[in-house]
Amino acid sequence: MKHGKAIIGIGLSALIFFLFLNAGEAQAATFYGKIVAIEGNALQVKGNNGKISLFWVGRRTQFKPRAPLFGDRVKIEYIIDKLKRRAVTHLTVLGR
């Protein structure tokens, strides 16, 4: 067991490296589109390119000026959360 301290040192160094690798700050992205469906706390939004995307609305989501309805045009600011979902941070209703 004469290499025990070296193995522990390499293991701790690798652990610290992987912790710093995963510790990134979340960058907010913006998405413009029209609400296609509302299912519980999930919104399906059709973008300008015709692609439908799924967004998750939580308790920290800020609605301006109101919560969206079916058919509303919206501006969504979101981040990718720890569960790899698009979590909405700010949701602005632009009109119909």
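Predicted model: local features only at pLDDT ≥ 70, side-chain atom pairs only at ≥ 80, totals over all residues.
Trainee: Which residue in the hairpin of β2 and β3 takes a positive phi?

Mentor: The hairpin made by β2 and β3 has four residues between the strands. With a positive phi near 90°, the residue in question is Gly50.

Trainee: Which residues make up the uncovered face of strand β3?

Mentor: Strand β3 has two faces, and the covered one holds Ser53 and Phe55. The uncovered face is made up of Ile52, Leu54 and Trp56.

Trainee: Which residue in β5 does Ala29 stand opposite?

Mentor: Strand β1, residues 29–39, pairs with strand β5, residues 73–80, in the antiparallel sense over six bridges. Within this pairing of β1 and β5, the residue that stands opposite Ala29 is Tyr78.

Trainee: Which residue in the turn between β5 and β6 has a positive phi?

Mentor: Strands β5 and β6 pair in the antiparallel sense over eight bridges, and Ile80 has Arg86 of β6 as its bridge partner. The two strands form a hairpin with five residues between them, and the turn residue whose phi is positive, at about 65°, is Lys84.

Trainee: Is Asp72 buried or exposed?

Mentor: Asp72 lies in the loop between β4, residues 62–64, and β5. Leaving aside residues up to four places away in sequence, Asp72 touches Gly33, Lys34, Ile35, Arg66, Val93, Gly95 and Arg96. The relative accessibility of Asp72 is 0%, so this residue counts as buried.

Trainee: With which side chain does the side chain of Asp72 make a polar contact?

Mentor: Arg66 is one of the residues that Asp72 touches. At 3.0 Å, the polar contact from the side chain of Asp72 is made with the side chain of Arg66.

Trainee: Which strand gives the most to the lining of the largest pocket?

Mentor: The largest pocket has a volume of about 240 Å³, and of the 15 residues that line this pocket, those closest to its centre are Gly58, Arg60, Thr61, Ala87 and Val88. The lining divides into five nonpolar, six polar and four charged residues. With four residues in the lining, the strand that gives the most, covering residues 86–95, is β6.

Definitions and conventions
Residues numbered from 1 in each chain as written. Heavy atoms only, no water. 1 Å grid on protein atoms, 1.4 Å probe; cavity = no way out; pocket = protein on both sides within 12 Å on 5 of 7 lines; lining within 4 Å. Points joined across faces, edges and corners; volume = space filled by probe spheres on them. Nonpolar A, V, L, I, M, F, W, Y, C, P; charged D, E, K, R; others polar. Pairing = 2+ DSSP bridges. Buried < 20%, exposed > 50% of the residue type's maximum accessible area, 1.4 Å probe, protein only. Polar contact = N/O pair within 3.5 Å; in protein donor to acceptor, adjacent residues only side chain to side chain. Contact = heavy atoms within 4.5 Å.
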